[in-house]
Structure formats: structure tokens, C-alpha cells
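Hi,

Here is the structure I said I would pass on.

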Amino acid sequence: MADINWALIAPLIAIQVILLIVALIDLVRIHATNGPKWVWTIVIILGNIIGPIIYFIFGRKTS
């Protein structure tokens, strides 16, 4: 555990948490998505960094 370089890991964790929070806030505020909201919630939460990115690319419905 002492061999982990936290200077490299900490920014990735911060980016992941920020993306997760922003995506969940956007999911709550948006009226319609491509697919059920509960599926996008699971994708965002369990997808680590790529989950919120997938939501922003494919989940938001643009009319």
C-alpha cells in the first residue's frame, strides 16, 4: 500500500468524483433520456470514469 503513487492517483479520483456528481445532478434535472433513468443511474455509478462520459455522449436526449 505504501508503494502507491498518490500524486498520480488522486487527480483521477477527483475527476471521477466530479464527473459522477455532475452526471447525477444532470440526470435528476433532465426531463427525458435515451432509455430509462434507472439504467443510466447504474451506468453512472458503476462505470467509474467511463460511465458518466457514456451518459453524456449517449444518455442525454437532444430534441
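A word on terms to begin with: helices here are DSSP runs of H or I with at least four residues, numbered from the N terminus. Keep in mind that this is a predicted model.

On that basis, Asp26 sits in helix α1. With a relative accessible area of 16%, Asp26 is buried, because the cut-off for that is under 20%. Setting aside neighbours within four places in sequence, Asp26 touches Tyr55, Phe56 and Arg60.

What does the side chain of Asp26 do with Arg60? The two meet in a salt bridge, at 2.8 Å from N to O. The structure has one salt bridge. Asp26 belongs to α1 (residues 6-29) and Arg60 to the segment after α3 (50-59), so the pair ties together parts that are 34 residues apart in sequence.

Which residues make up the largest nonpolar core? There are six: Ala23, Leu27, Ile30, Trp40, Ile44 and Tyr55. The elements giving two or more residues to this core are α1 and α2 (37-46).

Tyr55 links the two stories, as a contact of Asp26 and a member of the largest nonpolar core.

Cheers

Technical notes. Residues numbered from 1 in each chain as written. Predicted model: local features only at pLDDT ≥ 70, side-chain atom pairs only at ≥ 80, totals over all residues. Heavy atoms only, no water. Salt bridge = Lys/Arg side-chain N within 4 Å of Asp/Glu carboxyl O. Buried < 20%, exposed > 50% of the residue type's maximum accessible area, 1.4 Å probe, protein only. Contact = heavy atoms within 4.5 Å. Core = buried A, V, L, I, M, F, W, Y, C linked by side-chain atoms within 4.5 Å.
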